[in-house]
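Q: I have a model open and want to learn how to read it. Can we go feature by feature?

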Amino acid sequence: MFESSYPFAFFDYFRIPYTVRPGLAIGDGPRAPVSVHQIRTMGGPGAVSRSLLWQGTADPSALPASRQLGRYRLRDFTFFGHVAVGAAVPGTLSRFSHGWHPAEQILDSAGHVRAAVWQDGDGNIFLPFDPGEVMQQFWSERYRLVERSPMAVRGRAALVRGYYLARPALPRPLQLRLRRAFTRAQGRTSFPSWPVEDSLHNLYAWLFGLVAQLAGRPVPFVDLWPEGRSWALVLTHDVETDVGFRSLDLLRGPERQLGYRSSWNFVPLRYKVADDVVRKLQEEGCEVGVHGLRHDGHDLGSKRLVAKRLPAMREYADRWQAVGFRSPSTQRQWELMPTLGFEYDSSYSDTDPYEPQPGGCCSYLPYFNASMVELPITLPQDHTLFAILQNPDADVWIRKAQFLREHHGMVLALTHPDYAADPRMAEGYWSLLECFRSDPTVWHALPREVATWWRQRAGSVVRGAGDNWRIEGPASPSGRIRFADADSSRAREG
Ligand SMILES: [Zn+2]
């Protein structure tokens, strides 16, 4: 359906069929590095072929100064990455075709127009950024370094200092002006928003619409969930202390009653993890995972500490047949996580400003970190909701879960038996479980099952043509094909 000069991360992620043909590359000349990549639609004989061009960033150090790393806004999403800024069409494009004009504005974080998505007279489109780089910025949370560029941090600190120091002496209109500037500065730093940050998924929806429009027909991809289910609900628990270990039934009891399975992450050397408790959970169909080694703030403190503690963690992983990892206090380092040797990690949140290491990958779908599957935590943690924010009930949980259900996402809950003695928390958990118990659209899955499915999906391709598409690969028995339309970001069933 498409051919591309270069691997396109968005197509790879959603398993949209395409072929890589390096010959399609558009360079700045025979000796210059490839600066613009091209995806071309392949129609039948006589069909018009249209292209999506995008700015390559494989080697950011080789990018010209007009490609600026920053925080930008396009339509309904914020994104971070290198953008070809400026009001003039990039020179490479004029060698490709003519009639380029700005089709959509890209703003910087102050709201000024800095760049554009370009379109030519034949309907070809140029993205002045690399969607693959943008996805990686979110997934790895590397965008937080963009946000916290030394200049921005210094600027904001000076603004706050100036405002509070100077306030009593300033005339009222100036005070108000400074106050508004300060609020704007605060607003700018409030990314990701909470409890829902849908920038990354709005970007996906926009790209789906764009490629379907180029193709002039619905674009097939491998459905996000198996067996025709439209979303996933995953229950996980971290057991912090001996008190929690002796209170598993506060959470496991309601699950048993309502027919749920769940995953339990234990800390091997902080309290005694009795083998018979592990065995009983597994006999009930539950999963057991590793929650650091000592939970003392140092398990993932440095590469040296990881090297020292990892063999013991691996030993317990083998003993418990654990394939999943949850970092204590969700402490995480992108490059480190795959080296822990687990099939999946679940230490990133889609958005969580309340954790000791705040942030958010902005994804409510699984994704890969090297060869490891990352399963983001997508509901606020029990401690945040009931202890910090003093919520009286599970309303935020249920509304967020319903939002994710509508958006075909993964609801991954993290609760702790250690806090379940709080009746608001216990009742809240019950209402969450009860709400989706008999939903026919949901996939009730253990995290290890989601990780396996995500691997199968990533190892499968859609093949065929016209109205005749099929999945080839390990996802073919349980996977379904869906289609994205140009005029709607909502994909329809295939
Ligand atoms: Zn913990």
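Q: Is Arg 75 buried or exposed?
A: Buried means under 20% relative accessible area, exposed over 50%, and partly exposed in between (1.4 Å probe, protein chains only). Arg 75 has 57% relative accessibility, so Arg 75 counts as exposed. Arg 75 sits in the loop between strand E6 (67–74) and strand E7 (77–84). Helices (H or I, at least four residues) and strands (E, at least two) are DSSP runs, numbered from the N terminus.

Q: What should I know about the model itself?
A: This is a predicted model: local features need pLDDT of at least 70, side-chain atom pairs count only at pLDDT 80 or more, and totals for chains, interfaces and linings use all residues. Residues are numbered from 1 along each chain as its sequence is written, and side-chain values use heavy atoms, with hydrogens and water left out.

Q: Which residues other than glycine have a positive phi?
A: Most residues other than glycine have a negative phi, and most peptide bonds are trans. Here, Arg 75 has a positive phi near 50°. Ala 370 also has a positive phi, about 55°. Ala 370 lies in the loop between strand E17 (367–369) and strand E18 (372–374). With a relative accessible area of 61%, Ala 370 is exposed.

Q: Where is a cis peptide bond?
A: Trp 194 and Pro 195 are joined by one, with omega about 5°. Pro 195 is in the loop between helix H6 (172–189) and helix H7 (199–215).

Q: Which residues are the protein donors of the zinc ion?
A: Donors are N, O and S atoms within 2.8 Å of the metal (3.2 Å for Na, K and Ca); water is not among the atoms, so sites may look incomplete. In this model, Glu 240 gives two OE atoms, while His 291 and His 295 each give NE2. These donors lie 2.1 to 2.4 Å from the zinc ion. Along the chain, their spacing is E-x50-H-x3-H. Glu 240 and His 291 link distant parts of the chain, 51 residues apart.

Q: Are Glu 240 and His 291 buried or exposed?
A: Glu 240 is buried, at 11% relative accessibility. His 291 is buried too, at 1%.

Q: What is the geometry of the zinc site?
A: Four donors count as tetrahedral if all angles lie between 85 and 135 degrees; four count as square planar and six as octahedral if opposite donors are over 155 degrees apart and all others between 65 and 115; anything else is irregular. The angles among the 4 donor atoms run from 57 to 149°, and the site is irregular.

Q: Which residues of helix H9 are buried?
A: An α-helix has 3.6 residues a turn, so residues three or four places apart point the same way. In H9 (residues 249–258), the buried residues are Leu 251, Arg 252, Gly 253, Pro 254, Glu 255 and Leu 258. They pack against elements including strand E13 (263–266) and helix H14 (423–436). Contact means heavy atoms within 4.5 Å. Just after H9, Gly 259 has a positive phi of about 80°.

Q: How much of the protein chain is buried?
A: Buried residues make up 53% of its 494 residues. The chain has 15 helices and 24 strands. Among contacts with a separation of 6 or more, 68% come from residues 24 or more positions apart.
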